[in-house]
Amino acid sequence: MKTTAWLLAAGLSVGLCMGGGVVTAQAHETLKLEAPKPNLLPAPPMGWNSWNKYACNITEDVVRKQADAMAASGLKDAGYQYIVIDDCWQKSRDADGNIQVDLERFPSGMKALIDYVHSKGLKFGLYSDAGSLTCGGRPGSAGHEFQDARQYARWGVDYLKYDWCYTGTRDAEAAYTIMAKALRESGRDIVLSICEWGDNYPQRWAAPIGHLWRTTGDIYDAWEGKKGYSIGMVNILDKQLDLWRYSGPNRWNDPDMLEVGNGGMTSTEYESHFSLWAMLAAPLIAGNDLSAMDADTLRILTNKDVIAIDQDPLGQQANRIWKEGDLEIWARPLKGGDQAVVLFNRGAAPAEMSVTWEQLNLPAGLKVQVKDLWSKKVTKNVKARFGGTVASHGVIMVRLTPMV
Ligand code: GLA
């Protein structure tokens, strides 16, 4: 497409000016995504990322402990797979432009750490940025995309989170296309996680390029509110409305990582956070210290029934089907005709709530088996409606199976 080619050329030249990087032969290639996007995420990714808990204070030791804990705690058995180092692992570039690891924080180097993560039967992700610098002020990948992608492939990286700081007037679609091309030509299958905060409506253009894309700015560990550029859990949720139509296998909306276990919300609120993210077919990327989590955090993160909703093979994200004041109903069709429903109470007091079969486009006389995914209680032969008392800031999350 002519327009796209023009945009790509524009994006590249701006990127090179900003990055001040070495102009390589690859920079003159035709920037068309010839290789198809690898089928790496038929279901949303599950894993752990360093940012929410450690920010720039991340070390090799911490990462090894997370990999150990993921493998030993039951998280791996529940489906968690990726260990992702976010910002601040980079230090500089050498004279040839090769990215250099911060050896004070990662004394064994990246290859040894990635080998360790792989030895646990897990996958490994890294972070970079389409600008001259990362958000944390480390070297970005602008002008070095192909060189960096080849390095990631040599190290054994399986997943790249690619951020959007210090990008000036770069065109987002063009910039992410360059990295997508670089990754696809790197010789290794690498997930591309697009992180431009939803600023450029990625749902409209990102699906051929990446496997998931952030839809908002950053989450922070609070029920609601604003802290710098970050917003609370329900504020993030409010920005997901109507995005369901863009999402599906290998093309997920990303409402940012989990805060479960980081201490800023109650257990009930973390259950709501986890339930709603599963309804959104969101990446389930834990952001707590897996090596020191309490039993309640582990219980929430490994709720297999809730995870099964997130990972449902139909891959259809939920939408909000009803709202009145503080009360909301979210519904998600599942493969084979089941539905997942969340009754959500944002209010300060418990509330009686129910969903009707009519709201779910089911015949009122249909007998349905209802499984409560937190209490595990199963009720058979339910007709016309289902409900109960929903705790303040809590959910009732159920799976409905028509009985025939
Ligand atoms: C941005 C991203 C965050 C995190 C930081 C790292 O804010 O949105 O998720 O990666 O940068 O600096």
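A disulfide is defined here as a pair of cysteine sulfur atoms within 2.5 Å. The structure is a predicted model, in which local features need pLDDT of at least 70, side-chain atom pairs count only at pLDDT 80 or more, and totals for chains, interfaces and linings use all residues. Residues are numbered from 1 along each chain as its sequence is written, and side-chain values use heavy atoms, with hydrogens and water left out.

A search of the whole structure finds two disulfides. One of them joins Cys135 to Cys165, with an S to S distance of 2.1 Å. The torsion about the S-S bond of Cys135 and Cys165 is about 95°, so this disulfide is right-handed. Cys135 is located in the loop between strand 5 (123-129) and helix 6 (145-155), and Cys165 in the loop between strand 6 (159-163) and helix 7 (172-184), so the pair ties together parts 30 residues apart in sequence. Helices (H or I, at least four residues) and strands (E, at least two) are DSSP runs, numbered from the N terminus. Cys135 is partly exposed at 34% relative accessibility, whereas Cys165 is buried at 17%; buried denotes under 20% relative accessible area, exposed over 50%, and partly exposed in between (1.4 Å probe, protein chains only).

A disulfide is also formed by Cys56 and Cys88, whose sulfur atoms are 1.7 Å apart. Cys56 is partly exposed, with 22% relative accessibility, while Cys88 is buried at 0%. The sulfur of Cys195 lies 6.9 Å from the closest cysteine sulfur, in Cys135, too far for a bond. Cys195 is buried, at 1% relative accessibility.
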